[in-house]
Every structure is written in structure tokens, then in C-alpha cells.
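Work through the exercises below with the sequence and the model open. Each task is followed by its solution.

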Amino acid sequence: MRTEELDFHLPSELIAQLPSMDRAASRLLHYRRTDRSIIHRQFSRLPLLLRKGDLLVFNDARVIPARFTLQKPTRGRIEGLFISQAADGVWNVLLKNLGSVKPEMNLQFVGTDIIAHAVAKLEEGQYQLKVDSLEPAISILNRIGRMPLPPYIKREKEIDSRDDMDRQRYQTVYAQSPGSIAAPTAGLHFTTVLLDAINQAGIERTNITLHVGLGTFKPVAVDRLEDHAMHVESYSIDQSAADALNRAKAEKRRIVAIGTTSARVLESQPANELFRAKNDETSIFIYPPYQWKHVNALVTNFHLPRSTLIALVAATIGIEEQKRVYQVAIEERYRFFSYGDAMLIE
């Protein structure tokens, strides 16, 4: 399949810069595959659209405030993004405007007296930092970091009043497992009130974890989707989730993935075996004409052109329907991307 088939023009004013005042007040485009119908709704109506007995699978990854700023001895600043902690005091990061690696250069975390040294350049713009502190990376970042909003959401270079809002709203209300550097954005629309309504409607819920890394949002830069290499991302399924999934499959109830990250974890499991508790990694890339094994319905946001995420949507409803649905969403002035509106595909 050619990547250009996933391209479309999006007016810039439809890229949501702020979340809706009320999470559940976002709009919901309801698409039914049986008759290819499109109905425009509000997200708060989701419990009325689902079926009693559906199993909703949420990604409970918690976003860490992974953006930070380093200052050179010259007082020049370097923007950084934490990716992972390789060892005590050793971070894998993305750095912007560092230049050549000079391990002897002191780089100070702005807002602290902590010094770091860039000791190695890795692949794809990544670096390794030696941090002169035994404090865990997440603890440091919780004090000084900013949420790792995608670049299409514009913020001031300096910390301002929106940072506190982003710490609250670029995070699901059910987030538990810290380590993600991007939010599972389909989950941003849920409130505790809405989750209670789902419970009262006889709809089952379970959690899995996938820590979103660089792979989910890496642009597709090749002409053919088949040639795109996905990054590996870590996930976990605990025993309670495995049991819930096995019951739903045995009872022929629908499995509804809340977000593409949940869908990718589920589809990484074997087709004809029981779900099992595990900690593993996945680099699954779902695009047409993928045959779905486990996921029966999907809640997802509207995604970037030429991305692996829009390819997953195309694998769910077909490339021509994906184009039609997105065109309707544009004409109806839906809000796009992380802080935007959502769609239910069933």
C-alpha cells in the first residue's frame, strides 16, 4: 500500500490547541461498519451506544512530564525529551541544538542545580546523558519537567499557566503506570462520572499497559507502508485482564479497544490461544488489508496524515471509507489530534 493514500489536507484551525472544558463534552463521530452510517454525537453518550456485556480495554499508562531544558555554560539552551532510564544516572534522551558531543561540558537542568553530561550520540537524534544525581529520572522530571505535548500543540518556551492545565488534561483520569512519553489520547475523553455510567450499564472494563514511545508517532517517511519500521514499545497484561479477555472471547462478547495503543497490544496476541499475563514488547504495524483477531470495536481520536495511526483506522474500515469519514469530519469541523474529538468504530 502506498503511503500517499493516507494523506489529506487539514485546515490548521481544526488542530485542537486546548482540550474541551469538559472531557466528556467532546464530539463523537459514530461509524457503523454494517451500513457505513455516520452519526454525530457527544462523547458523554458513549455508554448508550455500547452493548451490555461489552469489554472495554483501556491503556492505563501514565504520562511523565518528559520535556526538560538544559543550559550550556554559554547560557545557550537545549530542549530535551526523556525517553528512558538506561541505568542509575544514565538517561536516553532526544536533544535539540546540542551540536557535537562534548562529555566535558557541564549541562545544567534549568530550575535545579543538577548537572548532566552528554556522553554518547545514539541513532535517530538520540543521546545518552550522564546525570550527576542518583535520584530517579521520573522524580526529577516530576519537579521540573513539562508534559511532552506533540509539536502541533503550540506552547510558550517558558513555563506558564497552561503547564498546570496540561499536567491535568494530557493525562487520563485512570492513569496508573508511569513511563509513557505520550498520552493514549482516546482515553482523555473519559471522566469518573462517565466510567461510573459505563459500570452501571453492565459494560465491563479492564486495563492493560503500553508505554507510548517514539514508535507510535514516528512519521511514515517511505513510499510503501510495507517498508516502514516500527519502534519497539513495552507492554504488560496482568492476570485479571487476561481472565477478563478470555471470558469475553468464550462468551462471544465484543472487545472494544479504547485507543490504538490498546488495539495494538490486543492484536499482538496469538489468534487461537488464550490470553496470558505477560510483560513483553510489540512492534506490530496494522495497515490494510489487516485481518483483525481480537478487537471488535474501537474508540479513537482523529490522527495525523501519513501516520501509522491513520493506517490502523484504514485497516479497520477500509481505505476509501477512512478517506470519506475524515472528509466528513473536516466538513463538520471536528477537532483533530491529541486534544481533539473522537470516533467510535463498530
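The exercises cover a sheet, some aromatic pairs and the nonpolar cores.

The model is predicted: local features need pLDDT of at least 70, side-chain atom pairs count only at pLDDT 80 or more, and totals for chains, interfaces and linings use all residues. Residues are numbered from 1 along each chain as its sequence is written, and side-chain values use heavy atoms, with hydrogens and water left out.

**Exercise 1.** Find the order of the nine strands in the open sheet and name its edge strands.

Solution. Strands are DSSP runs of E of at least two residues, and helices are runs of H or I of at least four, both numbered from the N terminus. Two strands pair if DSSP finds at least two bridges between them. The order is 2-1-17-16-14-3-12-13-15, with mixed pairing. Strand 2 (37-42) and strand 15 (278-282) each pair on one side only, which makes them the edge strands. Inside the sheet, strand 12 (residues 204-210) pairs with strand 13 (residues 233-237) in the antiparallel sense over two bridges. There, L210 stands opposite Y235.

**Exercise 2.** Classify the ring pairs W91 with F109 and Y290 with W292.

Solution. Rings of Phe, Tyr and Trp (its six-membered ring) pair if their centres lie within 6.5 Å; planes under 30 degrees apart count as stacked, over 60 as edge-to-face and the rest as tilted. This rule gives 19 aromatic pairs. For W91 and F109 the centres are 5.2 Å apart and the planes stand at 55 degrees, so the pair is tilted. W91 lies in strand 7 (residues 90-96) and F109 in strand 8 (residues 107-109), 18 residues apart. Both are buried (buried is under 20% relative accessible area, exposed over 50%, partly exposed in between; 1.4 Å probe, protein chains only). Y290 and W292 come out as edge-to-face, at 5.3 Å and 85 degrees. W292 counts as partly exposed because its relative accessibility is 22%.

**Exercise 3.** Which residues of the largest nonpolar core touch the most other members?

Solution. A nonpolar core is a set of buried Ala, Val, Leu, Ile, Met, Phe, Trp, Tyr and Cys residues joined through side-chain atoms within 4.5 Å. The largest core has 64 residues, and Y170, Y326 and F336 touch the most other members. Helix 8 (residues 308-317) gives the most to this core, with seven residues. Another core, of 25 residues, lies apart from it and includes V93, L95, F109 and Y127. Y326 and F336 also belong to one aromatic cluster, together with F8, Y152, F302, Y334 and F337.
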